[in-house]
Amino acid sequence: MTSILFVDDEDSVLQGLRRMLRPYRHQWKMTFVASGQEAVAALAEQPFDVLVTDMRMPGMDGVALLAEVMREYPQIVRIVLSGHSSKDTTIRSVGLAHQYLTKPCDRETLERVVVQALKLRETLLDQTLGQLLARIDSLPSLPSLYAELITELRSEKTTINRVGDIVAKDPAMTAKVLQLVNSAYFGLPRRISSPPQAVALLGVDTIKALVLGVGVFSQFSNSAGACLDHEAIWEHSFRTAAAAKRIALTEGVARLDTDEAFTGGLLHDVGKLVLSQAFPERYTDVLSRASERGIEDVQDERAIFGVSHAEVGAYLLAMWRLPDPVVAAVAYHHSPNSPAAVAFAPVTAVHAANVFANRWPGEKGRGSSIELNMEHLDRIGLAHRADAWREAVEPLLVGESCWSGSAGIAT
Ligand SMILES: [Fe+2]
Ligand SMILES: [Fe+2]
């Protein structure tokens, strides 16, 4: 039985939750407490799978409680259920919570979020995946500049200039980020020449995602013997990210979802780099099998490794504490129906964007036979939107390369 701890200082909220969730009492063991301190005491007494907490509470607030649970009980799923405010929203994007819900929240939404969070953990705790990853000596690390940005964003006093200055400290990163920012994908009216300017125009979250993407990809060396063309994967990832963001914008979803679609798109194939770097010979096998059959490499990866690049990438991102919707977008970008979605989510955008990006002529036919998962689109009631998405992303995909000439990213 799943055990869930609910924390809220308002008695009426706790009573409302208790009433609303009564029908779940046979599948969930629920505990309700009125403060952070009481939550800490309850956690010390019995194991929990999920924490659902308010943010603004007297005494120990949500941030302090989430930080303590993250440190002491990292396996517990941390969900925020809070009144809406931009400061609260930042919490989701800086790794303290896995999921962010706003009040009032109906029971179906709460149930779906809990079920999906547990399902995602099941995917990531898969034995085959664990054994495979245990054999990899060095997994890429969370880029330090990204970690620094996260710390800055958690602070009360953060400003656009301070975020920009952190990026500017690293000249190589600055050059790559500015190159991407000035590419046709963003369609900015004028040339951007400094990180603070880039942050002001594109927003902190886009710059943060770019720093993460650039920092991750630069950890993989494109050595002569490498079986994958890293630069081509980066190019494909960037196109997918831009297309995923465009699809999310077309659906008019919240900004946070749009940003998470972009981040998910940027990192959706990172598992390919991990697998091919750690097991070059076996990965060469995957690629030759895939090219013989002219289909995408997921099935061949499964045949050879028992898992695919989707789960490997998702595991890495979960380890780095990226929010659940980004991790899920990567984990399920080839099988968006598996988390039993009922509404548009970043995974929908990344899945569709990847399909469209793979059809871009410059992709040299790589994986061009993968199709949109219409079952998923049907289930979330958006099958009729597929053509509109295709049209919306077309201008992004027919354009020239995201940088001119030789200054690629995977050096
Ligand atoms: Fe993929
Ligand atoms: Fe892809």
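Me: Leaving aside neighbours within four places in sequence, which residues is Leu317 in contact with?
Reply: Leu267, Leu322, Val326, Val327 and Val330 are in contact with Leu317, once neighbours within four places in sequence are left aside. Two residues are in contact if their C-beta atoms, placed from the backbone, lie within 7 Å. A caution: this is a predicted model, where local features need pLDDT of at least 70, side-chain atom pairs count only at pLDDT 80 or more, and totals for chains, interfaces and linings use all residues. Residues are numbered from 1 along each chain as its sequence is written, and chains are lettered from A and ligands numbered from 1 in the order in which they are written.

Me: Which residues touch the most other members of the largest nonpolar core?
Reply: Val177, Val211, Ala243, Ala244, Leu317, Val327 and Ala353, out of 102 residues in that core. A nonpolar core is a set of buried Ala, Val, Leu, Ile, Met, Phe, Trp, Tyr and Cys residues joined through C-beta atoms within 7 Å. Buried means 20 or more other C-beta atoms within 10 Å of the residue's own, with C-beta atoms placed from the backbone.

Me: Which helix gives the most to this core?
Reply: H12, with 9 residues. The core also draws at least three residues from each of domain 1 (2–125) and domain 2 (135–398). Those bounds come from an automatic or database domain assignment.

Me: Switching to H14. How many of its residues are buried?
Reply: 8 of 9, in a helix that spans residues 270–278. Lys272 and Gln277 are among the buried ones. The buried residues of H14 pack against H11, H12, H13, H15, H16 and H17. Helices (H or I, at least four residues) and strands (E, at least two) are DSSP runs, numbered from the N terminus.

Me: Now the sheet. What is the strand order?
Reply: S2-S1-S3-S4-S5, an open sheet with parallel pairing. Strands pair if DSSP finds at least two bridges between them.

Me: Why is one side of S2 and of S5 left without a neighbour?
Reply: Both stand at the edges, each with a single partner strand, so one side has no neighbour in the sheet.

Me: Where do S1 and S2 line up, and how does the chain cross?
Reply: Leu5 stands opposite Thr31 in S2. The chain goes from S1 through H1 (residues 11–20) to S2, a right-handed β-α-β crossover. Right-handed means that, with the strands pointing away from the viewer, the path from the first strand over the helix to the second runs clockwise.

Me: And what stands opposite Val7 in S3?
Reply: Thr53. S1 and S3 pair in the parallel sense over 4 bridges.

Key. A residue is buried if 20 or more other C-beta atoms lie within 10 Å of its own, exposed if 12 or fewer, and partly exposed in between; C-beta atoms are placed from the backbone.
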